[in-house]
Amino acid sequence: MFEFLMQHQFWAAVAFYWMFSAAVSAMPEPEPDAKGRPGYLWLYRFLHTTAGNITTVFGSRIPGLKTPPFLLLVPLLLLTPACAAHYTIHPGALNTADSAAYDTLLIAESVINQARVENQTRPLPTPSKDALNVLVQSYNVARESWLTYRGAIATQVPSDAYFAQLNKNLVDLTNAIRDLKKRR
């Protein structure tokens, strides 16, 4: 739920403000003399002032703010959070880097499997077979470094050196994927 609210901060704020404003509007009005309830009178006035309209609250404090240009900017402000990239971490991943490395390995594995199937239906030319062999070797090295990195994190060993090696191996793996795709 917290992650959903963080991804939709604007709409969460609008919903919260709307609920707050509705709750304040539902408060019974204080009696005209209010002699016996000065605390309620203060709370009533305070909440109604706070729940006041945004233009009333901020209009005089933001110089140059005019309603038509502000209204033209509202759709842009509403669309901006929707354009942000949201990466979902895999269940069981130790951190974001671990999850991204896993994604890269999955992609490489699917490319290798696809190339092997193609090789069975119609043999690949020699340059493509060589690129496939390099890809398989890069995959094996990257997978081994990923497992080493995971082991270091799981056992709480300093993992900076393992992370650097994993990054290098993932870059090599990505380049091997691109090379195979170029040669096919």
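Q: Is the crossing of H6 and H7 left-handed or right-handed?
A: This is a predicted model, in which local features need pLDDT of at least 70, side-chain atom pairs count only at pLDDT 80 or more, and totals for chains, interfaces and linings use all residues. Residues are numbered from 1 along each chain as its sequence is written, while side-chain values use heavy atoms, without hydrogens and water. Helices are DSSP runs (H or I, at least four residues), numbered from the N terminus. With the near helix turned anticlockwise from the far one by less than a right angle, the crossing of H6 and H7 is left-handed.

Q: Is H6 roughly parallel or antiparallel to H7?
A: Axes are lines fitted to C-alpha atoms, for helices over the stretch in contact, and angles run from 0 to 180 degrees between N-to-C directions. H6 and H7 pack at about 155°, with axes 10 Å apart. Therefore H6 is, relative to H7, roughly antiparallel (over 145 degrees; under 35 is roughly parallel, 65 to 115 roughly perpendicular, the rest oblique).

Q: How many nonpolar residues does the contact of H6 with H7 have?
A: Contact means heavy atoms within 4.5 Å. Residues of H6 including Tyr102, Leu105 and Ile112 meet H7 residues, among them Leu132, Leu135 and Trp146. By class, the contact has one polar and six charged residues, and its nonpolar residues number 15 (Ala, Val, Leu, Ile, Met, Phe, Trp, Tyr, Cys and Pro are nonpolar, Asp, Glu, Lys and Arg charged, the others, Gly among them, polar).

Q: Is Asp98 buried or exposed?
A: Asp98 lies in helix H6. Asp98 touches Gly92, Ala93, Trp146, Tyr149 and Arg150, leaving aside residues up to four places away in sequence. Buried means under 20% relative accessible area, exposed over 50%, partly exposed in between (1.4 Å probe, protein chains only). The relative accessible area of Asp98 is 1%, so Asp98 is buried.

Q: What does H8 reach from its first C-alpha to its last?
A: H8 covers residues 160-183, with 24 residues. The expected span is 1.5 Å times one less than the number of residues. That gives an expected 34 Å, and H8 comes close to this at 35 Å.

Q: Which helices do the buried residues of H8 pack against?
A: Buried in H8 are Leu166, Asn169, Leu170, Leu173, Ala176, Ile177 and Leu180. Their packing partners are helix H6 (96-121) and helix H7 (126-154).

Q: Is H6 roughly parallel or antiparallel to H8?
A: The axes of H6 and H8 come within 11 Å and cross at roughly 30°. Therefore the direction of H6 relative to H8 is roughly parallel.

Q: How far apart in space are Leu135 and Ile177, C-alpha to C-alpha?
A: Leu135 belongs to helix H7, and its 0% relative accessibility counts as buried. Leu135 touches Ile177, among others including Val111, Leu173 and Leu180. In sequence, Leu135 and Ile177 are 42 residues apart, but in space 6.3 Å.

Q: Which residues does Ser138 touch, not counting residues up to four places away in sequence?
A: Ser138 lies in helix H7. Its 14% relative accessibility counts as buried. Beyond four places in sequence, Ser138 touches Asp172, Leu173 and Ala176.

Q: What is the phi of Gln156?
A: Gln156 sits in the loop between H7 and H8, exposed at 72% relative accessibility. Most residues other than glycine have a negative phi. Gln156 is not a glycine, yet its phi is positive, at about 60°.

Definitions and conventions. Helix = DSSP H or I, 4+ residues; strand = E, 2+ residues; numbered from the N terminus.
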